[in-house]
Amino acid sequence: MTRKTKKRIIICVLSTFIPIALLFSPVDFVLAQTDQIHNADVVEGSGTLDGLTFSAMLGPNGKPLDTQDTLIFENGTFVSTECEKQCDYPAQAYFARRVGEKIEFISETRCLTKDAEIVWRGTIDGDNIEGTYSWTANRWYWTIEKEFRFEGTLEGNTTSISGK
């Protein structure tokens, strides 16, 4: 990894997660993983949502949800199996905070083979998950940004946040 690449990663992490930390600061939140957010290696840890797996549908904003996915929280990380399959988006750390009976989360992951990233923002309410994700791909002369949404339900072998 070149010095320029390392510097770019550090700037990206700081510019992304410092505002997020400020956003979540009024409410108690849990940092699921602190080491190298953009590192592709899974760091063993634990997080508020660990053990939850959701069967979900994905789709572009304003259009039908047409893609089946599985959203998994484990070892302090979050992964979309569809995004992992399509572009090697690895499991990455997530931030979570409880707001009343719901839990909000955010996670950012980078494609291992292209200059692209996805930022997931969601809410878990009992056995249901919903939210949005932003896909950004950087090209030589332009940047492509697309917004998507997702909805899903807790899979049978996992326990909801309410413990039921």
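This is a predicted model: local features need pLDDT of at least 70, side-chain atom pairs count only at pLDDT 80 or more; totals for chains, interfaces and linings use all residues.
A residue counts as buried here when its relative accessible area is under 20%.

**The chain as a whole**

- The protein chain has 2 helices and 9 strands.
- Starting at the N terminus, the order of its elements is α-β-β-β-β-α-β-β-β-β-β.
- Of the 164 residues in the protein chain, 40% are buried.
- The protein chain exposes about 9,500 Å², and carbon and sulfur atoms supply 53% of that area.
- If you take the contacts between residues at least 6 apart in sequence, 48% of them join residues at least 24 apart.

**The cysteines**

- The model has 1 disulfide, and as a reminder, such a link is a covalent bond between the sulfur atoms of two cysteines.
- The link of Cys87 and Cys111 is left-handed, with -75° about the S-S bond.
- Which cysteine sulfur is nearest to that of Cys83, a residue in no disulfide? It is the sulfur of Cys87, 8.8 Å away.
- Cys83 has a relative accessible area of 12%, which is under the 20% cut-off, so Cys83 is buried.

**The cavity**

- Rolling a probe the size of a water molecule over the atoms shows where empty space is left.
- The largest cavity holds about 50 Å³ of space.
- Its lining is made by Phe78, Val79, Ser80, Cys83, Tyr89, Pro90, Thr109, Ile118 and Trp120. Cys83, the cysteine in no disulfide, is therefore one of the lining residues as well as a buried one.
- Which strands each supply at least two residues of this lining? They are strand S4 (77-80) and strand S7 (116-125).
- S4 gives the most to the lining, with 3 residues.
- Sorted by class, the lining of the largest cavity has 7 nonpolar residues and 2 polar ones, with no charged residues.

- Gly76 lies in the loop between strand S3 (67-74) and S4.
- Is Gly76 buried or exposed? Its relative accessibility is 0%, so Gly76 counts as buried.
- Gly76 and Gly51 are 25 residues apart in sequence, and their C-alpha atoms are 9.5 Å apart in space.
- Ala137 is part of strand S8 (residues 128-138).
- Ala137 is buried because its relative accessible area is 0%.
- Between Ala137 and Asp115, which are 22 residues apart along the chain, the C-alpha separation is 5.9 Å.
- Setting aside neighbours within four places in sequence, Ala137 is in contact with Asp115, Ala116, Trp142, Thr143 and Ile144.

Key: Residues are numbered from 1 along each chain as its sequence is written. Side-chain values use heavy atoms; hydrogens and water are left out. On a 1 Å grid over the protein atoms alone, a cavity is a set of points where a 1.4 Å probe fits but cannot get out, and a pocket is an open set with protein on both sides within 12 Å along at least five of seven lines; lining residues have an atom within 4 Å of a point. Grid points are joined across faces, edges and corners, and a volume is the space filled by probe spheres set on the points. Helices (H or I, at least four residues) and strands (E, at least two) are DSSP runs, numbered from the N terminus. Ala, Val, Leu, Ile, Met, Phe, Trp, Tyr, Cys and Pro count as nonpolar, Asp, Glu, Lys and Arg as charged, and the others, Gly among them, as polar. A disulfide is a pair of cysteine sulfur atoms within 2.5 Å. Buried means under 20% relative accessible area, exposed over 50%, partly exposed in between (1.4 Å probe, protein chains only). Contact means heavy atoms within 4.5 Å. Accessible areas come from the Shrake-Rupley method with a 1.4 Å probe; for residues, only the protein chains shown count as cover.
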